[in-house]
Structure formats: structure tokens, C-alpha cells
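This report walks through selected packing and pairing features of one protein chain. Keep the viewer open while reading.

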Amino acid sequence: MIPGGDGFAVSLSSEWLCPMNAVVIVESPAKAKTINKYLGPGYEVLASYGHVRDLPAKDGSVRPDDDFAMDWEADGKGAKRLAEIAKAVRGSSRVILATDPDREGEAISWHVLQVLKDKKALKGQPVERVVFNAITKQSVLDAMRNPRAIDEALVDAYLARRALDYLVGFNLSPVLWRKLPGARSAGRVQSVALRLVCDREHEIETFVAQEYWSIVARMATPAGEEFDARVVGFEGKKLGRLDVANEGEATRIRRALEKAAFTVASIEKKPVRRNPFPPFTTSTLQQSASYALGFSAARTMQLAQRLYEGVEIGGETVGLITYMRTDGVDIAPEGIAGIRKVIGEDFGANYLPEAPRKYTAKAKNAQEAHEAIRPTDLTRRPKDVAKFLEPEQAKLYELIWKRTVASQMESAVLDRTTVDIEALAGGDVVALRATGSVVKFDGFLRLHSEGRDDEEDEESRRLPAMAEADRLERRKITVDQHFTEPPPRFTEATLVKKMEELGIGRPSTYAATLQVLRDRDYVTLDKRRLIPQDKGRLVTAFLESFFRRWVEYDFTADLEESLDKISAAEIDWKVVLRAFWTDFSSAIEQTKELRVSDVLDALNELLGAHVFPDKGDGSDPRACPSCGVGRLSLKLGKFGSFIGCSNYPECRFTRQMQASGAEGEGAEGPGGDGTKILGTDPETGLEVSLRSGRFGPYVQLGEGDKPKRSSLPKGWTAASIDLEKALKLLSLPREVGLHPESGKPITAGLGRFGPFVLHDGVYANLPSADEVFDVGINRAVTLIAEKQAGGRGRAKPAALKELGEHPTLGGPVTVRDGRYGPYVAHDKTNATLTRGLDPQSVTMEIAVALLAEKAAKSPAKPSRAKAAPKAPAKAAAAKDGEAKGKTATAKKPAAKTDKPAAKPKAKTKATGGKAAEKPFD
């Protein structure tokens, strides 16, 4: 007998009583440590650290002409881990593959098994696959009693998905590089997500506001209680929200109300039931965490991963939530029983429905292969576990706990009241309406209610008591002018929701896809809204013009559906690949004849409203403001796109594309001709101007062939530049003083890598652009000395946060602020923080995962043999084929480096479809 999860015993077979050195393979070391405790002696639990192999970043890794044969390669770190696993397996009696219960977990198990076969590590011992949806002792032991074989259908779907991502990224990205300088990459899901953001921006730019007026009367009942009623009809005609179109109509209605007598015409009351939301899926968790907690999708998944892998509670490591990558909304019977028990204990029988609620996913292509996200034990209430968690982990756990319990609670019951009021003024009749509601039974609302961005709750007001035929007193008439507003920009949460509705991508990839768009500078995040940048809009316009079918929403969703059919063994994976490759390769081939002029004509057409906005005065927005003869057009240069005059070289006018800025910006930037006069330099009498060039905004002194110029430093916006700031920039470089030892001057200025001080050829960075204007001689001498003492590198920045000793390697782990942003440091390894991650929120778990990922990506140092040459520049495209959505704490992608030279690279041709699939990719 082996102890169970709650103190009871679990009966296992004699085989389990004497496991004889079974090897269990999982992804993460944290998971390995916990499961090792559950299984006890006789089991050796090893971590693969995520994916162990990947397609090499070079041509030929997927070969369509060879029936889509695929080559796999392990990097140096991965090869070392595989060697350790193989060594352990050779001396084992049994191999258990216990990676995550999804497509990507199946893929990792398949890769490990293939490598073990290649290394001849298996000597007849049985190989089994086990899955568990939660890391608790009971779940793990139950899974161990029910092993299965690797799911070949999931393997086929993984192979198809990975091949598609590679073929798109590796073939489409080079087209972008050749035809659209400055573009970074394209991907099967990434490019469609970018199109959603760009299409929304186009809607906003082309939106035409419509004027409308609202008329609201403040009324009083016979008892003197006040409420508001809005006008809904006039002269026998119903009036909708936008039907009062001008001030004249609004004034006529207001005058009629000022002379009218008001009577209650009718009162309608009806009960309304409001049902709870279903428990969380991956996407709804990301959305709610964004609304309620302000977390990004990536941050939400990092925290959820930690809650799933477990925390130390009462001397035992236990997983707090079930697996967090799922599109299912169902809950296992034992989970339902636990929820209902908590509802009865905490809220009483009135809040417990007679029968459990059953939910069905509404998302397109939802597979519902796994449970919804829920706490593993509902008796672990948020207030009880908060002391064991980081603050952000505690907030997310509470959100999951409340949503889970609320999903099985009784509905809320409201009394909704509608009061119609008649206003008679001579021959004029004005209809008004007041609405309100009263909560008669709060039901699930007692525990959990969800808000939404810009949500209006017009009917939540409570109306005073009144009866039909009551005479009402007019207290005030309010007439307001309004204009319709364009649709809002996407937040990460609303974009994830839209992708899910359309069936684009899978829950495991949403966070990573959004991160790729930001890392490529295709979009920026401002006030939590996604704003497409010019680079992203150019890429989208190019793909819509020449690869339209492959960025269509329906095409992408249909392809996802085909991949789901592969995983259900309903269709052969190579049939899907052949159909895709036939058309896609033909489209790629046709672009070889594509001329630059064709590209520019297409971009000018699609981006006209953005690049050449209407000036509002009837003039041609594409007329050159400099020569007056040429026409402005998009141009493609070595460093990307810019606006230039068709009269070149006679006219050399250029400017940046009109960037989509943050709300409230842009009005004070350079004018339509790219120039804004700031004033006159008091010393020279020359004009100082703010201009927009192909490399960004800059300030200029005077005119002529070689006027003095200065680019704006990082963090400075065109809208913030005035004459004083411009003169400061134009005064650079400035002399700080003479070095006390050498007697040579120290200067301060702005360079390619930011602000600096310079002495006798030694550059030392300044932490901010503002300091370059007032740094003194003592500070400058200290910085120069620190730089010289540090040799090639600068002095190590002070630690922003001390995290403590590395749990496995020893030595301090710190969070520091470097030249390129905050990073975590341990020994000689530095790992940049994920964009948007607050340095102060970094925990030891996050830091260890980032450091491990960085170490895995670092090339293995060659020993006796010469290192192999780097992969060609095309390598970036392969990774950008499609982002994989595992967070750092669970799975680290295999770095694309060569194995140690002493061992040749192992290649495995996947021709028969024995691979696993990434979960909901």
C-alpha cells in the first residue's frame, strides 16, 4: 500500500510495489522534484527541460520533394540532457514518459523515445506514456496505474503543424526581406494576428463620426423621489439612440418637454435570471486576468505555470491548479463534488443548484480535450494559501478559485422594471422611458462578477416606487451633443478573444504570438492597447496584396480545423501538407517576378489613408510640400520604408511614414511637410526646426548643405520637443572639463548606443539622456575610471533586486538594469527579462527559468574539433514560423546550435508520422 493524497491508501499491483529503478521523464525540474517525492524510492524522475530537439534553422529541414521528410537536431545543452537520460534508461527496468497532457507534451515524449531508440538505450524494457491533469499525489498515482502508448494521431498532427510553421516561416520571410526591406518575419498565425490589429487601425482611421443628441429628463414621483428618463419618441415616431441628428431637432423636443405634463403610461416588471460564467479556459483566463488584474497574457501564463507545478504547503509540494493550457470548460465529477461541497459550507443550500451545471465551449474549433482550469482542491481557499504564494500568484489563484466556485452556484435573480412616460404639450406628444433593476437574489454574484472594458450598466439603477397614471414633476431637462466613436483598439485580452472566436491559433500559442509581434516591433503597447507600427502595417499590406489567401481569417481557421482532424485520426497529415504546399509554393514562385514598382503601387493603394491623410482643405495629400511639382510616394530603402518625392533627385524631400502614435500624441509633432519651426537660436540667429526623417524625428539648426542636426534620444517624443530642448540637443557634444590626471578634455554627447562621456578614446555610458546635459567633472571621472577598470565591458550595474542563492547551482541571483533593459544575472549568465515584466515582480522561479533558457540557447563551446559554422541568416525565419506557447518555467525551446564536435549530429527522418503535437498550437 502506498499513501494516497489525503491520507488514505492506494492499492497498487506487485509491479508497482517493486518498480526496480523505473525512469520517469517530465519537462521541468520543479515538476520532477515534486513527482519524485510522490513516487518515492525505486523511481528516478528526470527533466528534459522542455523540447529536446527541433528542426535545424537551415534549408532542407523539411523536404516536400522527399514526401515531407524532416530532420531533427538537438543543441549542445539538449544533447547533454539526452545523454544523461539515455544513461539512466540503460540501467532501468522501465521507462515512463510523463510529459504534459497536451499536444506539445506528446511531442516531447515522442522526441525522447526516438532519441533513446537512436542511441540504442532501450534493452527491451517497457516504455509507457502517462498523463495527469494536476500535480497532486492522487492524480499522479492514478495516472501511473493507467499507462498507455504514445498517441500516434497527436504525433501526426504535431508533425504537420511543425512542418507548416517551418515552410511558411522559411519561405515567406525571405520574400519579405528581398521585397520589403526592414521587415523581420512572417508566420502562419503571427501574420494573421497582426492583420487583425492592422485592420482595426484602418477602421479607426477611416471612421466617420456621426453627430447625435440625447435628451434626458430628471423627474420626481409624487413622493419626491428623483430618477432619470430618456426620450424615446416624438410626434408618433420612435427615436433610436442616433435618430436625433442635430441641435435643431433636439431643441424642438426640449421646448416641448418644458411645456409638457408628465404621466406614467405603463409599468412593466419581469424577473430576469443571470447565469454564471463557465470555468476558465486558457483564453478566458488571460482575458479575465487582463481585465481584473492588469496582467499581460505572458505574465498570466507564467504565474499559472507556477501554480500548476506546485508550491510548498505544510511541508509538501502540491500543485494548486489543473493544467492551464486547455479550451475545455468541463470539470471532472470529483471536481464538481468538491465545488458543491464548498458552496454548501460557505454559502448555504440556497446558493446550490439542484443539479450540477454543464457547460459547452462556444469557441470555433474548440477541442475540449482537457478539463477547465480549476483548483485541484477547493478546500484550499484563497485566504488560506495566500501566505505560501507570491502576491501576484495569490491574486491569480483567487481569481481562478472564485470563477470555479461561482460557475456551479445558483443564478442571480433580478426584477427588471421598465416605466413608459407620456409627456403632453398641446398637440405634441413626447415618449420617455426609464429602466432599472433590483437584485432579488444575488446567487453567484455574491462571490464573483466580471467587468469588461468600457462596460455600461444603464439598467442597474434602482427606480423609485410609482404607479400607472401617477403625475410626475419635471425637475430638469438635459440636452447633450455626442459623436459616435470608432471601435477601440485591441487590448491583449480582446485580441485573444477575437482570435479564439475566429478559430485562429490555439490557447498555448496566444501569449507567445503576441510577444513575437511586440519583439518584432510590429506593434507597441500603450495604455494596454495594441498599436500597429509602420513596419507591421507594411508587412500586412504586402501580404494582403501578394499572399492574400494565406492571411485570410477563414483560411487560417480551416487549416486549424484540418490539424484537429489529424489529431482525431480523421485525415492523413501528409494529405494536408501536400494540398497546402502545392498552392503556397506556387505563390512563392510568382513573387520572383515581382518588381519593386509593383510592391510600391500596392502599398500606396492599401496604406493611402494612413500614409497620406486628408488635410481637410481639399488639396492633394500626395502633393510634395517642398517642390510643389512631384508627388509623394512610399519608397523602399536599405533601412526600411520612407516617404519621398517623385521628382528625385531634383527634389530631395523625405519624411517618415506617419506613425500610429499613442492617444493624444501627434498634434504637436512635425507638420505635414515633416517640418515644425521651433524658434530662433539667440546666438546664431538661425532658425531651429523639428523634422521627421527616414530614421525618426530630429532637430536642425538653419539650412544649407550640412546643417547641424541631432536625433531625439530614446524616451523623448516629438510632441515634447520645444526650443529649449532643441537647443540643448544641438549644443552636443559639450565639454565637461579637463581630466585631473591627463589634462585632456572629457566630453558628453549622444551616440548610437545612447548618452556617454568620452575621454581619450574611452567611452562610458550614462544611465539617462537627461544626465548628458548636466553631468559634472567628478561624476564623469568616476564613470571613466569604472569603465577602464572593467576592461572591455562597463562596470556591472547595481542590483535592482537580490533574489538569493541559486537553488541548484549556488551563487547569488540578482535582477539588474543594463544598457538594453533589465535582466537577471547569475555567475556569468545574463538573461534579459521578457518585455513588460516588472523587475520587482521577478521571483527566483522566474529567474531560474530565464537563466536556464538562456543557457540552453547559448552555443556549446567547441572542445577538440572545430566548431561548425553558424546557420545562414534565414535561420530567424524558421523560429518565426510560429511561436510556441510554453512559458519559461515549464518548457524551454531547444536552441539552434550544433552538438559537441566529438559527436556527429543525429538526424531522424519523420516519414511515417510518429511525432507528437504541440497543445492547441
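Thr282, Ser283 and Gln286 in H9 meet Pro507, Tyr510 and Ala511 in H15. That contact divides into three nonpolar residues, three polar and no charged. H9 covers residues 282-293 and H15 covers residues 507-519. Their axes lie 8 Å apart and the packing angle is about 45°. H9 and H15 are therefore oblique to each other. The model is predicted, not experimental.

## Overall make-up

The protein chain holds 24 helices and 34 strands. It has 921 residues, and buried residues make up 51% of them. Take the contacts between residues at least 6 apart in sequence: 70% of these join residues at least 24 apart.

On the H2 side, the contact involves Ile35, Tyr38 and Leu39. On the H5 side, the residues are Lys137, Val140, Leu141 and Met144. Six residues of this contact are nonpolar, none is polar and one is charged.

## The parallel sheet

Four strands form an open sheet in the order E4-E3-E7-E8, and the pairing is parallel. Strand E4 (43-47) and strand E8 (127-129) are the edge strands, each pairing on one side only. Neighbouring strands here are turned by 20° against each other on average, direction ignored.

Inside the sheet, strand E3 (residues 22-26) pairs with strand E7 (residues 94-97) over four bridges, in the parallel sense. Val23 has Val95 in E7 as its bridge partner. E7 also runs parallel to E8, joined by three bridges. There, Ile96 stands opposite Glu128 in E8.

Which way do the residues of E7 point? Arg94 and Ile96 point one way, Val95 and Leu97 the other way. All four named residues are buried.

## The antiparallel sheet

A further open sheet of four strands has the order E27-E28-E29-E30, with antiparallel pairing. Strand E27 (734-738) and strand E30 (762-765) stand at its edges. Each has a single partner strand, so one side of each is left without a neighbour in the sheet. Neighbouring strands of this sheet are turned by 30° against each other on average, direction ignored.

E27 pairs with strand E28 (residues 745-751) over four bridges, in the antiparallel sense. Gly737 has Ile746 in E28 as its bridge partner. Helix H22 (residues 777-789) packs on this sheet. H22 touches E27, E28, strand E29 (754-759) and E30. The direction of H22 makes about 110° with that of E30.

## A hairpin

Strand E33 (residues 821-826) and strand E34 (residues 829-832) form an antiparallel pair with four bridges. Tyr823 is bridged to Thr832 in E34. The two strands make a hairpin, with two residues between them. Asp827 sits in the turn and has a positive phi of about 55°.

## Strand pairs side by side

Strands of a sheet pair through backbone hydrogen bonds, either parallel or antiparallel. The table collects the pairs described above.

| Strand pair | Sense | Bridges |
|---|---|---|
| E3 and E7 | parallel | four bridges |
| E7 and E8 | parallel | three bridges |
| E27 and E28 | antiparallel | four bridges |
| E33 and E34 | antiparallel | four bridges |

Technical notes. Residues are numbered from 1 along each chain as its sequence is written. This is a predicted model: local features need pLDDT of at least 70, side-chain atom pairs count only at pLDDT 80 or more; totals for chains, interfaces and linings use all residues. Side-chain values use heavy atoms; hydrogens and water are left out. Contact means heavy atoms within 4.5 Å. Ala, Val, Leu, Ile, Met, Phe, Trp, Tyr, Cys and Pro count as nonpolar, Asp, Glu, Lys and Arg as charged, and the others, Gly among them, as polar. Two strands pair if DSSP finds at least two bridges between them. Axes are lines fitted to C-alpha atoms, for helices over the stretch in contact, and angles run from 0 to 180 degrees between N-to-C directions. Buried means under 20% relative accessible area, exposed over 50%, partly exposed in between (1.4 Å probe, protein chains only). Angles under 35 degrees count as roughly parallel, over 145 as roughly antiparallel, 65 to 115 as roughly perpendicular and the rest as oblique.
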